[in-house]
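Here are my notes for when you next open this model.

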Amino acid sequence: MVGFTVTPEISLVDEPVKIQAWGLPPDQVITLRAWLKDEKGQIFHSRAFYKTDMEGKVDLEKSPAIGGDFHGVCPMGLFWALKPAIPFLRLMKRDVVGSPFLVHLELYPSLLLDVPEDVPAASKVIERWYKAPGVQRILIREGRIRGALFLPPGEGPFPGVIDMFGGVGGLVEFRSSLLASRGFACLALAYFAYDDLPSLPIKMDLKYFEEAAQFLCDHPKVSGDGVGVVAICKGAEMALAMASYLPQVTATVCINGPNALNGTSLVYGDVLVNGIPYKMEKIQSTDFWSLSLTHAMDDPRKPENQDSIIPLEKARGPILFLVGNKDQHYDSLFFAREAKSRAEKYGKKDVYVQCYTGAGHLLEPPGSPFCPASKFPHFSLPLTWGGDLLPHCRAQETSWKALQEFLHRNISCSRRNKL
């Protein structure tokens with residue numbers, strides 16, 4: 001009888017899963033397949049081929065995949081390699097509270113090249129959650145602030161973090177709910193294309209972000225005298241501006257973002273910073289089906305662009321840039337190095353750049369599948385994000401740990417419980 005175990009069967013998506021099979025003929029090629037259905041009914045799937053050992057066993061922590069969607073020893077490869085049945089869809093969890101992703105894992109005792117018609121020899125269905133038990137979600141619509149606050153279980157106080165995404169807009173919560181599951185009071189902050197907020201990020205009022213930062217600082221379950229900010233892509237521009245102008249921000253993580261305002265202008269009281277205009281004519285086609293915006297962003301070093309560079313040397317706290325050297329959306333490594341160079345020029349020593357070889361633009365929490373390109377609002381063709389599957393997903397594991405350690409180290413937790 002074929003044995004097949006997947007442990008744990010219920011877990012957070014950033015936790016590893018152990019997959020083992022036994023009771024098979026020795027030295028036989030088998031197929032392991034994974035698939036799930038997202039909240040819109042779209043199928044994402046992956047598969048890999050393995051050869052059983054002399055005892056008829058396969059252990060993904062030891063056994064190398066010999067073909068399929070990846071090669072070599074990769075315990076989480078079936079999760080990392082999940083790809084959409086309809087091209088260019090990005091797997092994003094929308095309801096982080098009510099339901100998990102149900103991942104179906106199937107074992108076939110042969111080489112499976114096409115969509116399976118036979119019943120698998122063994123199968124498991126596991127739950128992958130984005131919120132730990134006890135984490136509370138509170139929809140925020142206070143003053144101008146629009147978002148969702150996630151609070152860990154317990155009285156606290158907890159380090160506070162504002163979490164923002166990029167040009168996709170709307171309210172994206174999956175990273176915030178995971179950060180709350182890891183002990184942060186995390187505010188998923190929308191800043192355009194949501195509720196009554198502007199439909200496009202054309203002119204951003206930093207006072208909106210200041211209001212959000214002060215709201216989080218004042219919350220009775222938030223500790224210390226400041227908050228952290230985590231953001232990717234367009235959101236990283238706003239995060240860097242928040243760090244530079246707002247005293248409430250004490251630690252900032254910019255994931256694959258620029259060092260200057262691009263396209264968007266920023267206003268903060270009497271301060272007006274105009275964004276560097278995009279060079280849309282320089283958008284490149286990486287192949288016949290997707291676009292890269294890397295060259296559409298002008299060089300911030302040009303004299304006419306100097307005033308658009310964000311003055312991060314004014315930041316109260318440290319700044320961490322997490323970048324992939326194969327980002328095909330932004331030239332993120334260049335921007336991060338420019339930011340660090342500027343900071344050092346002005347005597348600021350706590351700006352750090354962590355570069356991940358082989359990683360692309362969408363550095364997300366561990367367990368998130370690799371997405372090299374996907375459809376995107378306002379573009380008729382998909383956008384290219386870049387990266388290579390295995391190094392990118394390994395970078396997601398490493399950067400997730402680095403992000404949390406950085407925030408814990410640099411957000412003050414000296415305040416006593418205010419309840």
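1. Strands β1, β3 and β6 form an open sheet in the order β1-β3-β6, with antiparallel pairing. Strands here are DSSP runs of E with at least two residues, helices are runs of H or I with at least four, and both are numbered from the N terminus; two strands pair if DSSP finds at least two bridges between them. The edges are β1 (3-7) and β6 (58-59), each with a single partner strand, so one side of each has no neighbour in the sheet. Between β1 and β3 (residues 18-22) there are five bridges, and F4 has A21 as its bridge partner in β3.

2. Before going further, please keep in mind that this is a predicted model: local features need pLDDT of at least 70, side-chain atom pairs count only at pLDDT 80 or more, and totals for chains, interfaces and linings use all residues. Residues are numbered from 1 along each chain as its sequence is written, and side-chain values use heavy atoms, with hydrogens and water left out.

3. Now to the rings. Rings of Phe, Tyr and Trp (its six-membered ring) pair if their centres lie within 6.5 Å, with planes under 30 degrees apart counted as stacked, over 60 as edge-to-face and the rest as tilted. By this rule there are eleven aromatic pairs. One of them is F101 with Y130: the centres are 5.9 Å apart and the planes stand at 80°, so the pair is edge-to-face. F101 belongs to strand β9 (residues 101-108) and Y130 to the loop between β10 (122-129) and β11 (136-142), so the pair ties together parts that are 29 residues apart in sequence. Both F101 and Y130 are buried (under 20% relative accessible area; exposed is over 50%, partly exposed in between, with a 1.4 Å probe and protein chains only).

4. F376 and W385 also pair, with ring centres 5.7 Å apart and planes at 70°, so they too are edge-to-face. F376 and W385 are both buried. One aromatic cluster is made up of F101, Y130, F165 and F174.

5. Two arginines deserve a look. A charge sits over a ring if NZ of Lys or CZ of Arg is within 6 Å of the ring centre and within 35 degrees of the ring normal. R175 is over the face of F165, at 4.1 Å from the ring centre, and R128 is over the face of F79, at 5.1 Å.

6. How do helices α2 and α6 cross? The axes of α2 (residues 174-181) and α6 (residues 389-410) come within 12 Å and cross at roughly 60°. This makes α2 oblique to α6. Within helix α2, S181 counts as buried at 15% relative accessibility. The C-alpha atoms of S181 and Y130 are 8.1 Å apart, although 51 residues separate the two along the chain.

7. Please check two cis peptide bonds. One joins T7 and P8, with omega about -5°, and P8 is in the loop between β1 and β2 (10-12). The other runs from G156 to P157, with omega near 5°; P157 is in the loop between β12 (145-151) and β13 (160-164).

8. Finally, some backbone angles. A193 is not a glycine, yet has a positive phi of about 60°; A193 is in the loop between β14 (185-189) and β15 (203-205) and is partly exposed, at 40% relative accessible area. N256 has a positive phi near 45° and is found in the loop between β17 (249-255) and β18 (265-268). With a relative accessible area of 0%, N256 is buried.

Terms used
Axes are lines fitted to C-alpha atoms, for helices over the stretch in contact, and angles run from 0 to 180 degrees between N-to-C directions. Angles under 35 degrees count as roughly parallel, over 145 as roughly antiparallel, 65 to 115 as roughly perpendicular and the rest as oblique.
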